[in-house]
Amino acid sequence: MPETEKNQIPEQPEFLTYSSFPSGKHEGKTHFIIVGAGIIGVCIAFYLTRHPKFDPKKHYITIIESKRVAGGASGKAGGLLALWAFPQQIVPLSFQLHQELSDEFNGEKEWGYRRLTTISVEATKIPRSVH
Ligand SMILES: Cc1cc2nc3c(=O)[nH]c(=O)nc-3n(C[C@H](O)[C@H](O)[C@H](O)COP(=O)(O)OP(=O)(O)OC[C@H]3O[C@@H](n4cnc5c(N)ncnc54)[C@H](O)[C@@H]3O)c2cc1C
């Protein structure tokens with residue numbers, strides 16, 4: 001990539017702005033403040049905007065982040081999803097939402113989402129004395 005392109009700040013959509021100080025855009029609106037821009041924080045913000053009662057004229061969302069977006073565990077994760085994972089109460093929903101997000105935002109191309117068949121193998125070492 002040419003040096004000039006590397007230093008350019010990627011174009012941001014109008015609804016997403018980074019700021020080190022309050023913009024004042026929340027004034028007169030119900031202000032949702034989310035602490036932490038890891039996957040949990042950004043998903044809370046994203047799904048709030050999808051709530052049937054969310055109205056950008058009445059509501060405003062701010063995410064406060066002390067480092068950078070995905071600067072914590074979310075930026076280190078291996079990206080593995082599994083239906084056998086835990087806790088079982090939320091795994092099926094989480095798995096389905098990942099698929100839906102990929103379908104909607106072209107996850108295969110944008111972030112390498114793909115479904116694989118895997119196997120899990122467990123082994124137990126049998127002490128020699130048993131034979
Ligand atoms: C090495 C590694 C591999 C992993 N692999 C997988 C995997 O393959 N599959 C999987 O499902 N999960 C995996 N995980 C787990 C997964 O990454 C985490 O469960 C998930 O990212 C947690 O998201 P989070 O938003 O809760 O936390 P984080 O991503 O840590 O986000 C919290 C954010 O809050 C900010 N913050 C904290 N305190 C404040 C404050 N007072 N003010 C402002 N900001 C603050 C932090 O800077 C951080 O950015 C892995 C985790 C690690 C570490």
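**Figure 1. Residues around the ligand.** In this predicted model, 20 residues surround the ligand. Gly36, Gly38, Gly72, Ser74 and Gly78 are the closest. By class, the shell has nine polar, eight nonpolar and three charged residues. Helix α2, residues 39-50, supplies three residues, the largest share of the shell. Domain 1 (1-76) and domain 2 (78-131) both contribute to the shell, so the ligand lies between them.

**Figure 2. The protein chain as a whole.** The secondary structure comprises four helices and two strands. Along the sequence, these follow the pattern α-β-α-β-α-α. The chain has 131 residues, of which 1% count as buried. Among contacts with a separation of 6 or more, 56% link residues 24 or more positions apart.

**Figure 3. The strand pair β1 and β2.** Strand β1 covers residues 30-35. Strand β2 covers residues 59-64. The two strands run parallel and are joined by six bridges. One of the paired residues is Val35, whose bridge partner in β2 is Ile64. Is β1 buried or in the open? Of its six residues, the number buried is zero, so β1 lies largely in the open. The cut-off behind this count is 20 or more other C-beta atoms within 10 Å.

**Figure 4. The loop between β2 and α3: Ala70.** Ala70 sits in the loop between β2 and α3. The phi of Ala70 is positive, near 60°, in a residue other than glycine. Ala70 has 16 other C-beta atoms within 10 Å and is therefore partly exposed.

Figure 5. Phe86 and Pro87 are joined by a cis peptide bond. Omega is about 0° for this bond. Pro87 belongs to the loop between β2 and α3, where Ala70 is also placed.

Figure 6. Helix α3 spans residues 91-105 and has 15 residues. From its first C-alpha to its last, α3 reaches 21 Å. That is close to the 21 Å expected at 1.5 Å a residue. An α-helix has 3.6 residues a turn, so residues three or four places apart point the same way. Which residue follows α3? Asn106 does, and its phi is positive.

**Figure 7. Asn106 in the loop between α3 and α4.** Asn106 occupies the loop between α3 and α4. Its phi is near 55°, a positive value in a residue other than glycine. How many C-beta neighbours does Asn106 have inside 10 Å? The count is 10, so Asn106 is exposed. The cut-off for exposed is 12 or fewer.

**Figure 8. Leu116, in the segment after α4.** Helix α4 covers residues 107-110, and Leu116 lies in the segment that follows. Leu116 has 7 C-beta neighbours inside 10 Å and so counts as exposed. Leu116 and Ala82 are 34 residues apart in sequence. In space, the C-alpha atoms of Leu116 and Ala82 are 9.8 Å apart.

Terms used:
Residues numbered from 1 in each chain as written. Predicted model: local features only at pLDDT ≥ 70, side-chain atom pairs only at ≥ 80, totals over all residues. Near = placed C-beta within 6 Å. Nonpolar A, V, L, I, M, F, W, Y, C, P; charged D, E, K, R; others polar. Domains from an automatic or database assignment. Contact = placed C-beta atoms within 7 Å. Expected span 1.5 Å × (residues − 1). Pairing = 2+ DSSP bridges.
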